[in-house]
Amino acid sequence: MAATPTPRRNLPDLPGNPAAAALAGLQLPLPLAVAYSGGADSTVLLLAAVQRWPGQVQAIHVHHGLQDAADTFAEHCRQVCAQLAIPLQVRRVNARNLPGESPEDAARQARYQALARAARDAGLKSVLLGQHADDQVETLLLALSRGAGLPGLAAMPPVFQREGMVFVRPLLALGARGIREWIAEQGIPVIEDPTNADTSFTRNRIRHLLLPALEECFPQYRETFARSSRHAAQAQELLEAVAAEDLARMGGTPGITALQQLARGRQANVLRHWLRSAHAASASAAQLEELLDQVADCKTRGHQIRIKVGEGFVVRQGSDWATSPEAGGPLGIIPQFRAPVRAGPPPFGRAAAFTSPSRWH
């Protein structure tokens, strides 16, 4: 749906918006969009953004269609944006999760894709997201509960790119309480998503049961947890740099002989980097351990490797004499992923194979 332009009007004078200070020092590519759900967090962000960059801000509302009130949410956003003369796009998405995919992950992927495409269609250069400090803590605790490594413990980055669009989270240092108190003081109508009170969802249990206990025991937990996430992010950047150097020395594809010269932890690091950067895939801890065991045991040319990773397989492909003849032809590891056929050239480079599910039967 195209953006709905409306005549510019004077915005109401709403002093003390907690998001204003977060935006004050930001220099972002303009024009930009605010991901606007109609809730308290995105509302304070939208109001602060239009004050910070008059005439340069649009709103995008993603209609997930996952609950009966979704149409009401979209209409609320239309009314608010019409009153404030803020152009609005409403994008409908199919956020139903596939078998084996969590509903939260499916909705998030659909939302980011819709936001990036809507912003790009409108000629916008960046998108602001309303996640705050409490959201960051919830994300970290979820990662800890799943035994995540450094990428998970780094939680949500303040800036990232997806589908060619820059996304920015300027409110990560703000607590939810301050945002909601200001909204209540100003009497600004916002959407209260009823699913946020449903403690059958893990994130909601953390929000309603665990965060109050942390508040009582460790009042500064938002700041200290955020510091730990920053440390994890810095450590992950270092590991990525080391992995990129190791992979470059192997000619861009992991070789058996070259891997065996590295310590096991460093092998794991380069394999994770290769899967993620070259193939948008990730291995579970068990899959990676099995792959490392196979690399260690691979002593002869007849040793086969075929290990499921994500939706595909990592396999031993054959001798690569061109890259390292002096090492006796280290063997490459090439993923062949079961995935839907997509238009365009194979995304895995000249050596890899992209195979549709039908060809595996």
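This is a predicted model: local features need pLDDT of at least 70, side-chain atom pairs count only at pLDDT 80 or more; totals for chains, interfaces and linings use all residues.
Mentor: Local features need pLDDT of at least 70, side-chain atom pairs count only at pLDDT 80 or more, and totals for chains, interfaces and linings use all residues, while side-chain values use heavy atoms, without hydrogens and water.

Trainee: Why is G38 called buried?

Mentor: Buried means under 20% relative accessible area, exposed over 50%, and partly exposed in between (1.4 Å probe, protein chains only). G38 has 0%, and therefore counts as buried.

Trainee: Why does S37 count as partly exposed?

Mentor: The relative accessibility of S37 is 42%, so the residue counts as partly exposed. S37 lies in the loop between β1 (32–35) and α2 (40–52).

Trainee: What makes the pair of S37 and G39 a polar contact?

Mentor: A polar contact is a pair of N or O atoms within 3.5 Å; within protein, one must be able to donate a hydrogen and the other to accept it, and residues adjacent in sequence count only if both atoms are side-chain atoms. A polar atom of the S37 side chain lies 3.1 Å from the backbone nitrogen of G39.

Trainee: Is Q267 buried or exposed?

Mentor: Q267 has 8% relative accessibility and therefore counts as buried. A polar atom of the Q267 side chain is 3.0 Å from the backbone oxygen of L262.

Conventions
Residues are numbered from 1 along each chain as its sequence is written. Helices (H or I, at least four residues) and strands (E, at least two) are DSSP runs, numbered from the N terminus.
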